[in-house]
Amino acid sequence: MKFINWSKQNLFANWKDSLLTITILYLFYVSMPPLLNWVFLDATFFGDSKKDCTGDGACWVFVNVWIKRFTYGMYPNDQIWRINLAFVIFFISIGSYFFVSSKIKKCIFIFLTVIFPFLAIFLFHGGSLGLEEVETRVWGGLFLTLFISVFSIIFCFPIGVLLAMGRRSNLPVIKYFSIGFIELWRGVPLITVLFMAAVMFPVFLPSGTNLDKLIRVIIAITLFESAYIAEVVRGGLQAIPRGQYDAANSIGMGYWKSHLLIILPQALKIVIPGVANTFIALFKDTPLILVVGLMELLGMVNMAKTNPAWLGLATEGYVFAAFVYFIFCFSMSRYSLGLENKLKTTN
Amino acid sequence: MKLLRKNIEKLNLFLENYPKIGIYFPQFLIILLLGIIISYFSMNASTNMAARGIETGFGFLANKASFDIQFSLIDFDSNDSYARAYLVGLLNTLLVSGIGIFFATVIGFFVGITRLSTNILASKVAEAYIEIFRNIPLLLQIFFWYFAVLRLLPSSDNSLILFNFVFANIKGIYIPRFIWENLNYFLYGFLFSILIIYLFVSISKKKQEKTGLQVPTFTTSLIIFFTINFLVIYFGQVGLTLSYPVLETNRGLHNYMGGVSVIPELIALAFSLSLYTSTFIAECVRAGILGIDKGQKEAAASIGLSKAQILKLIVIPQALRIIIPPVTNQYLNLTKNSSLAAAIAYPDIVLVFAGTALMQTGKAIEIVSITMLTYLTLSVSISIFMNWYNKKNSIAER
Amino acid sequence: MKIIKFAVSIFAVLLLAACGNESAKKTSTLDTTKSQGFVKCGVSQGLPGFSNADASGNWAGIDVDVCRAVAAAVLGDATKVKYTPLSAKERFTALQAGDIDVLSRNTTWTLERDAAIGLEFVGVNFYDGQGFMVRKKSGIKSVKDFKNGTKVCTNTGTTTELNMADFFKAAGVSYEPVVFEKADEVVQAYDSGRCDTYTTDKSGLAAQRTKLSAPDDHIVLPETISKEPLGPVVREGDATWADVVRWSLNVWIEAEEYGVNSGNIDSMMDSKNPAIQRIVGAEGTKNGAGLNLDQKWSYNLIKQVGNYAESYKRNLADTGIMPDRGPNALWTNGGILYVPPVR
């Protein structure tokens with residue numbers, strides 16, 4: 001009874017609504033069964049080669065066989081534990097962050113932002129202390145996606161904050177420099193910035209300096225995204241009422257002191273959702289690095305689908321990659337939405 | 001060490017006595033720093049290039065390109081210059097952006113409005129659409145449509161045929177080409193009718209403001225439009241014939257000739273750009289409509305406006321004011337994202353110029369700079385336009 | 001005010017760094033290579049027979065053998081090579097910038113590349129020419145059979161793209177080029193039917209054919225429409241290094257001419273033939289002095305890499321990619337492989 005009332009109100013309120021509802025239901029009826037059949041019922045999940053796929057549905061064997069490459073790229077199989085170890089440490093410290101007292105929280109935060117990056121790089125790259133060196137060009141897959149996103153965001157955040165402050169500075173040179181810098185990166189597509197990193201950077205460095213391609217790419221993405229972060233942070237700075245600045249000034253705080261202690265903590269709190277959105281955008285931009293020859297998840301799928309033994313399975317590969325990206329982006333966007341709502345209610 | 005500290009203390013004291021230095025010094029420092037960085041990099045570049053005997057300069061733009069381009073809006077062949085190849089690429093970028101913007105807007109408005117529908121099912125479907133297409137990287141979507149979906153089309157001797165004049169196969173979609181007679185008369189007539197309608201609408205608006213009388217502008221405009229255009233077409237003998245694509249067989253090769261060929265790269269790119277950007281536009285539209293105070297609608301209803309009138313006179317004008325700036329921003333993003341064309345073989349500016357031309361000439365610095373400058377010009381001019389538009393349309397607060 | 005102090009110190013550091021770098025002296029590639037202990041070599045991202053990595057990351061191919069030859073000559077160990085896979089777009093910048101010291105990546109020697117973009121070609125290790133591949137069922141038997149509207153798949157930014165333009169222009173046939181940056185994508189586009197024909201160097205056609213879903217349904221047309229001398233490249237302006245790479249290449253090829261190979265080189269050390277003595281660097285010949293290499297450079301090279309014939313057999317003949325040596329036979333055997341004498 002309740003359901004009938006509910007559907008009367010929400011689905012069949014008038015003839016237009018009813019028509020719409022029926023059309024959508026019909027479309028579902030037509031499209032869903034074949035889709036489900038393809039994905040689940042007729043699909044083959046286990047096997048070793050393309051020949052094992054006998055049904056009409058998807059050949060998930062492809063994903064199953066290649067999953068290690070999709071996750072870790074061409075990273076040597078016997079060294080993969082190093083990546084896993086780093087991620088386990090990362091997730092344990094993040095997880096424990098929510099369950100400990102604020103004093104330990106501080107320690108964890110410092111560990112994550114200051115010590116962990118170096119530890120991670122050491123684990124991934126190796127080359128000393130008995131760890132075998134693994135060159136960056138064999139890094140790949142989802143691991144590389146996460147590596148590039150995390151490191152770019154770590155670097156671009158402080159630069160972005162400085163640029164945002166610069167843009168609001170009273171000193172004309174600093175102000176126009178910041179505006180120019182921000183607008184330059186916001187005005188060009190990432191792909192041209194990556195080309196710049198791949199084919200132009202080397203010409204500008206002294207001959208013989210061999211800067212790793214991965215580092216060049218991270219620099220390029222950092223410069224690019226810091227401009228976007230700057231605009232987000234600027235929004236936060238603008239939202240701080242004038243009185244806060246005046247109050248800080250009146251008790252004798254200088255520019256840096258007042259910003260560090262009074263303004264930025266408030267402003268950054270406001271912009272967390274915006275920063276999260278920029279991070280999602282950055283994450284979605286990482287596949288572009290395949291134009292300069294680095295292979296993250298999408299690059300690895302592209303490579304696998306051209307393997308002669310696995311031709312014709314592009315759809316499965318792309319659907320899988322889309323699913324992985326979707327999980328990450330969707331959960332991050334929900335998280336930022338939650339934060340946004342929480343901020344709204346606390347203010 | 002002690003001496004140093006003493007000197008620093010002296011410096012601090014000095015700076016406090018002359019506060020202006022605190023203003024000029026950091027700026028001076030920035031300029032100096034920038035100068036050093038720039039000169040350091042350019043010095044490196046020039047020594048590097050001198051050592052390797054690389055010539056710099058833009059003279060190469062006048063050289064013969066000696067390569068061909070799959071698809072161009074203007075005539076191009078291998079005897080044309082690199083400058084013209086650049087132009088071809090730029091026009092192709094603008095073409096795919098234009099198509100993408102059109103469809104993204106249509107889909108975006110439709111989905112955005114559906115998202116606010118009272119029909120929960122429709123609203124949920126719209127939400128699912130938005131979440132799916134905005135949370136999957138654009139490049140992946142392009143690959144999916146290009147490599148997975150469009151590659152499923154049949155071979156060219158086995159095309160899908162729609163209405164007997166649209167042919168779709170793996171090499172593209174072929175549609176008839178319009179061949180006009182006296183097209184210029186039609187265009188003049190068309191412009192003339194638009195002008196008349198514009199005059200009519202503004203006059204009747206003034207009249208309404210003065211007297212309160214409402215003229216049925218829409219119907220009258222339609223009548224004006226059709227009458228004028230019909231007369232022009234009839235008396236100007238404007239004719240339209242279609243040139244159909246024809247399947248030509250050369251031994252075992254089958255290709256459609258004649259008509260207009262729409263290459264699959266363009267379809268995949270325009271399609272994914274539209275779908276991806278439409279989700280962002282839909283969110284802008286939704287925010288715009290939600291951003292209108294409920295009181296506005298109630299006030300309008302209370303003075304007796306009909307539902308359609310409320311939508312047309314109260315909601316849409318105000319919502320547009322909120323919607324247009326972020327949507328323009330999305331248009332800009334779409335244009336920048338069209339550079340992903342380079343990953344599939346659509347000959348946009350990045351593929352033709354920053355790709356082929358760069359590799360043929362080896363002029364990395366010049367070509368990447370020109371390409372970046374082109375995009376920068378596009379975005380800066382759009383930002384300037386947007387600022388102007390916002391100023392013009394901002395509500396004059398009293 | 002603290003920030004100003006901070007800025008001053010940063011500024012000073014930067015200034016020092018900048019000046020320090022400027023005054024750093026340029027060292028020759030040969031010396032750097034000797035001191036760092038490996039040769040930095042640029043190869044393709046995967047072209048069977050020329051440069052291709054197996055699943056465990058070992059590189060093999062006739063282009064790779066050039067890198068190995070240089071390493072053996074300079075360092076005495078052919079395995080001391082650091083390979084950098086490069087796309088067509090990156091290859092020249094990587095060489096110019098010093099990311100690599102030898103580019104051995106099926107690169108065609110042309111005037112423009114040699115003269116205008118700061119490269120120096122040191123020789124030819126493979127004589128190739130551009131050809132076309134079509135489906136058997138298309139019935140095309142010769143390049144003369146192509147008519148207007150032909151869709152052609154190829155790689156962007158290569159000489160192939162230019163030759164193809166010239167060829168179709170001369171034939172007066174209109175065509176549509178479908179160009180991708182990655183060879184794999186070209187192959188797939190052609191395989192899916194997006195294009196009527198696939199054009200690249202004939203060796204490339206033979207190698208890529210193995211990646212098609214049904215290799216036997218395709219044939220390579222008999223005509224060759226261009227000259228593609230492929231060879232190793234070095235930076236312009238370092239003559240010593242160019243000489244090292246050039247003569248590593250030459251001795252590798254001349255060893256075949258005089259029948260010196262990895263198997264018999266130890267016995268050849270005592271050969272009475274003065275030409276062979278020079279090739280193997282026997283006692284009394286001042287073999288490596290002019291190149292600033294030690295006396296055993298050519299011995300190490302031939303012992304570890306083998307001569308050209310061995311490389312060819314290992315990489316191109318035994319793999320079935322190009323069983324017939326064609327123009328790459330020695331000049332004495334009806335080919336055009338002819339190198340300056342090692343003396």
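Modeller: Happy to. Please keep in mind that this is a predicted model. H8(A) and H9(A) cross in the right-handed sense. Helix H8 covers residues 190-204 of chain A and helix H9 covers residues 213-239; the two pack at an angle of about 140 degrees, with 9 Å between their axes. From H8(A), the residues that meet the partner helix include A:Leu190, A:Val193, A:Leu194 and A:Phe201. On the side of H9(A), A:Arg216, A:Val217, A:Ile219, A:Ala220 and A:Phe224 take part. Sorted by class, this contact has 11 nonpolar residues, no polar ones and 1 charged one.

Now to the sheet you asked about. In chain C, 5 strands make an open sheet with mixed pairing, and their order is E10-E9-E11-E8-E12. Strand E10 (175-180) and strand E12 (218-220) of chain C form the edges, each pairing on one side only. Direction ignored, neighbouring strands of this sheet are turned against each other by 25 degrees on average. Helix H6 of chain C, residues 159-171, packs on the sheet and touches E8, E9, E10 and E11 of chain C. The direction of H6(C) makes about 155 degrees with that of E9(C).

Both senses of pairing can be followed strand by strand. E9(C) and E10(C) run parallel, paired over 6 bridges, and C:Cys153 stands opposite C:Val178 of E10(C). Strand E8 (residues 130-135) and strand E11 (residues 197-201) of chain C pair in the antiparallel sense, over 5 bridges. There, C:Gln130 has C:Asp201 in E11(C) as its bridge partner.

Of its 6 residues, 6 are buried, so E9(C) is largely enclosed by the rest of the structure. C:Thr150, C:Val152 and C:Thr154 point one way from the strand, while C:Lys151, C:Cys153 and C:Asn155 point the other way, and all are buried. C:Cys153, then, is both buried and placed opposite C:Val178.

Stepping back to the neighbours, chain C meets chain B through 45 residues of chain C and 38 residues of chain B. Helix H1 (2-17), helix H2 (19-51), strand E6 (246-250), strand E7 (253-257) and helix H11 (349-361) of chain B each supply at least two residues to the side that touches chain C. H2(B) gives the most, with 7 residues. By class, that side of chain B has 18 nonpolar, 13 polar and 7 charged residues.

Chain B also touches chain A, with 44 residues of chain B in contact with 42 residues of chain A. Elements of chain B that each supply at least two residues here include H2, helix H4 (120-134), helix H10 (307-337) and helix H12 (364-393). The largest share, 10 residues, comes from H2(B). The side of chain B that touches chain A has 32 nonpolar, 10 polar and 2 charged residues.

Finally, the domains. Chain B is divided into domain 1 (2-51), domain 2 (82-176 + 257-392) and domain 3 (178-243). The C-alpha centres of domain 1 and domain 3 of chain B are 66 Å apart. Chain A is divided into domain 1 (1-42), domain 2 (67-73 + 139-240 + 274-347) and domain 3 (76-133), and the C-alpha centres of domain 1 and domain 3 of chain A are 48 Å apart.

How values were computed
Residues are numbered from 1 along each chain as its sequence is written. Chains are lettered from A and ligands numbered from 1 in the order in which they are written. This is a predicted model: local features need pLDDT of at least 70, side-chain atom pairs count only at pLDDT 80 or more; totals for chains, interfaces and linings use all residues. Two residues are in contact if their C-beta atoms, placed from the backbone, lie within 7 Å. Helices (H or I, at least four residues) and strands (E, at least two) are DSSP runs, numbered from the N terminus. Ala, Val, Leu, Ile, Met, Phe, Trp, Tyr, Cys and Pro count as nonpolar, Asp, Glu, Lys and Arg as charged, and the others, Gly among them, as polar. Domain bounds come from an automatic or database domain assignment. Axes are lines fitted to C-alpha atoms, for helices over the stretch in contact, and angles run from 0 to 180 degrees between N-to-C directions. A crossing is left-handed if the near helix is turned anticlockwise from the far one by less than a right angle, and right-handed if clockwise. Two strands pair if DSSP finds at least two bridges between them. A residue is buried if 20 or more other C-beta atoms lie within 10 Å of its own, exposed if 12 or fewer, and partly exposed in between; C-beta atoms are placed from the backbone.
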